[in-house]
Amino acid sequence: MTDLGDFESFDDFDPDDAGEEGPPDPDAGDPPSDAGDPPSDAGDATDPPEGAEEFETASVTPVGRDVGIGTLSAREGLVVSEDPEDTRLRAYITVGNRSAVRVGSYLVADYPDGERLFCRIVALEYAQEFEADDATEIHARRAMRRGEVDEQDYKFMASLEPVAVLYRDGGELRRRMTDRVPKPETVVRQATDAGEIKTGLKIPDDGVFLGHLAVGGEKVRTAAEPPTIDYRLKDDYGSGDPLVFRHTLVAGGTGSGKTHATKNVLRQYLAGDRTYPVEDGRSVRPAVVQFDPQDEYAQMHDDNPDLDPAFARRCEAEGVAHGGHDDTVAFVPKVGDATYAADHHRAEQVEFTVPFSMVRENTWLVAGGGLNDNQYAGLRELLGRFFRNYGDGGSYREFLTYLDDPGLREELDDSGVIHEATFDAVRRRVRGFGSVFDRDARPITEQVSRLVRPGGLTVVPTYHINDSRAATTVVLAVASLLVDQKLSNDPTYDRIKETPVVLGMDEAHNFLTDAEGVQARRVIGKFSEAAKQGRKERLGLFLVTQDPQDIADPVFKQVNTTVVLNLGDEDAIGAVNIPSNLEGKVPYMEKGQMVVYSPDNSDPVELVGLPTCLTRHGRD
C-alpha cells in the first residue's frame, strides 16, 4: 500500500474471477439495437444493492450568505504604488456575479480598521482554472453542441484602478489619495451607497445639475431613493469660485443632443433661487445672454409639452429647475432686408441695430479678415480722425464719404502718416458693412437694461442673416460690449458691470477661431482676457461647438469644465483633452450620453443627461 493506494490487486486482475468476459472487443461492434431496456424492477443504477448499508448524506450548502461579488487575489501580486504602472489590484469574481460587472463599474474593498478602498474596474478577463488547452476541436464542438459554457472551469478576474481611500473624520465621509494596500482575500462589493460614490469621485452634493452618473451608458444604481447619482457643478464660494465663472465648453456632433443638454444646463442658471454675491454685498441673479445661429434658444420661454407631471415631480425631488422661462427676450438684429419669423416660440421680440460708434473702441469690427498690421494701424488713424470731427454720432455712411475725399488721401500721404497704397487698401476693405451698422432700429447701446436683466434670458438669433460676415460682426459687437464693460474700471453701463453674466455662444468655432489676421488676433486677445478675469468680474463663458479643435488655444486653455457628447471626428476628440479611458467611448455614445471633465469639480466621469428637455425643444 502506498500513499496513492494499493495497486497490487490491479496487477493480478483476472477477468474470469470477476465473472466477466474482460474488456470489450473493439471489433465486436455496438450492442444490438433491440437489446431493449432493463427490466422495470431492475432498480436505479445508482441505488445500493439490496441489504447493503447506505452512506449518510451531508449537505454541501455553505453556511451563511455570500457578501460582495468576489475577493482580492494576491496570486499575481497585490500592489499599490505611486507609479500607476506598478499598481496591481486583481479581484476574483464569483460565478453568480459575473454577468453583473462591467468595465468602468465602481467597487469598494474594506480595510480592517474601517477605511475603504474605492476603485474602478478597468479590465475584465477570463483565465483558465486548470492547465488545459480549450482551443481544440473536441472542446469547440462540445461547446457548440452544448450551447453553454461551464464557467466553473475558468477564473473571472477584474483588474482594478484605485481611485481613493474613504475614511471618517468627525462622522463625515472624506477621501484621500490611495496610500495603503488592502489585504489578500478582502471582499470586494459593488458601490451602491450614494455617499460612498459621490465622495469617492469627489462629486459635490449641491450645485448645477448636469445629469446622472453612468457606466457604459447605463445609470449607476444605488440602494437609495431616487436610486440614481446626480452630478452637479460647484456653484458657491465655499470651496473656490463657482465653476460657471471658470467657463464651460459643450462639444458634440450633429444629432448628439448638445443643444438639448445646453438648454437643460442654462435652465439651471435661470432658477429663481440661484444668486451670486457682487462687490457691493448684494446677491444678484445671473443674466444669460445666448448667441443663437440656429434660432433654437428662444424656445426656452415656453413649456415643453412632452414634460409630463410625473417627470416634473422627479425633477422637483432632485432640485432640478424645469419649465419655460417667462423672462426670455429675443433680441433680433436688424441687418439689411433680412426678416425674422418666430412662429416656433412665444418669447418677446426686440429689434436692435449696431451703431457705428461702437467701432471707435473696437476698430477691428470693420477690419474684416484681410488687413495686415500696417493697414490696421492706418484704419485706427482714420477712425480716430473721423470721430474727432464727427463725434460719436458719426455714421458708417459718413465714414465712407469721409474716405472718398481725395484731399484727405493726398494730405496723409504727403505727411507720411498713411501711404497712399495703404489708404486705398483700407478704403476697399471697410466697405460692405452697410447692412450691419445704423439700421432702422434702436441701437443696442440704448437698450442695455433690456439686454442684461438679472434672472433674464436674452437670445440673439442670427439664423435669418444670410451674410456670414454680417452675422459675425453682430455677434462680436454685442459680445464685445458685454466683455468691455465687464473688464472696464470705468464702465459706461453699470448694469453690465454689476450683474453676473453667463455669455453663451453656440457654434463658437465660427467666432473664436485661431486664424491669421489682425481681427482674429484682436478677438482672441479680448476673449482670452475676459476668460482670465471671469472669476473676478462674474463673467462666465458657455461655449457650444461641434468643432472644438477650431477654438483658439488661449481661450480653450481657460475652460475648466468640458462636456463631451458624441463626436466622430478624431481631431475633434483629441482636441477636447479628456482622459484616454473616456476618449475611446466618445464615438460610440448614444444621444444624451456625455463625458464630463472638470478637474476642479470631480474625477472624470460618464453621465446620462435627462431624456426630456426641461423647456420646449424642436420644431413642430
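Is Asp 295 buried or exposed? In this predicted model, the points below take up that residue and several other local features.

1. Asp 295 has a relative accessibility of 3% and therefore counts as buried, the cut-off being under 20%. Asp 295 is located in the loop between E14 and helix H5 (309-317). Although Asp 295 is not a glycine, its phi is positive, at about 55 degrees. Most residues other than glycine have a negative phi, and most peptide bonds are trans.

2. Glu 185 is likewise a non-glycine residue with a positive phi, here about 65 degrees. Glu 185 belongs to the loop between strand E6 (172-176) and strand E7 (187-190). With a relative accessibility of 64%, Glu 185 counts as exposed.

3. The peptide bond between Glu 225 and Pro 226 is cis, with omega about 0 degrees. Pro 226 sits in the loop between strand E9 (218-219) and strand E10 (230-233).

4. Strand E14 (residues 287-292) is largely enclosed by the rest of the structure, because six of its six residues are buried. In a regular strand the side chains alternate between the two faces of the sheet. In E14, Ala 287, Val 289 and Phe 291 point one way, while Val 288, Gln 290 and Asp 292 point the other way, and all are buried.

5. Two strands pair with E14. Strand E18 (residues 501-506) runs parallel to E14 and is joined to it by five bridges; Ala 287 has Val 501 as its bridge partner in E18. Strand E17 (residues 457-461) also runs parallel to E14, again with five bridges, and Asp 292 has Pro 461 as its bridge partner in E17.

6. Arg 538 occupies the loop between helix H13 (518-537) and strand E19 (539-545). Arg 538 is buried but forms no salt bridge, and Asp 241, the nearest side chain of opposite charge, is 6.3 Å away. The Arg 538 side chain does reach the backbone oxygen of Lys 536, at 3.3 Å. Beyond its neighbours within four places in sequence, Arg 538 is in contact with residues including Tyr 237, Phe 245, Lys 486 and Val 501.

7. The largest nonpolar core has 76 residues, of which Phe 356, Leu 503, Met 505 and Phe 527 touch the most other members. Helix H11 (residues 468-487) gives the most to this core, with 11 residues. Leaving aside neighbours within four places in sequence, the contacts of Phe 356 include Val 366, Leu 383, Phe 386, Tyr 396 and Phe 437. A second, separate core of 49 residues includes Val 208, Leu 266, Tyr 297 and Val 502.

Methods: Residues are numbered from 1 along each chain as its sequence is written. This is a predicted model: local features need pLDDT of at least 70, side-chain atom pairs count only at pLDDT 80 or more; totals for chains, interfaces and linings use all residues. Side-chain values use heavy atoms; hydrogens and water are left out. Helices (H or I, at least four residues) and strands (E, at least two) are DSSP runs, numbered from the N terminus. Buried means under 20% relative accessible area, exposed over 50%, partly exposed in between (1.4 Å probe, protein chains only). Lys and Arg count as positive and Asp and Glu as negative; His and the chain ends are not counted. A salt bridge is a side-chain nitrogen of Lys or Arg within 4 Å of a carboxyl oxygen of Asp or Glu. A polar contact is a pair of N or O atoms within 3.5 Å; within protein, one must be able to donate a hydrogen and the other to accept it, and residues adjacent in sequence count only if both atoms are side-chain atoms. Contact means heavy atoms within 4.5 Å. Two strands pair if DSSP finds at least two bridges between them. A nonpolar core is a set of buried Ala, Val, Leu, Ile, Met, Phe, Trp, Tyr and Cys residues joined through side-chain atoms within 4.5 Å.
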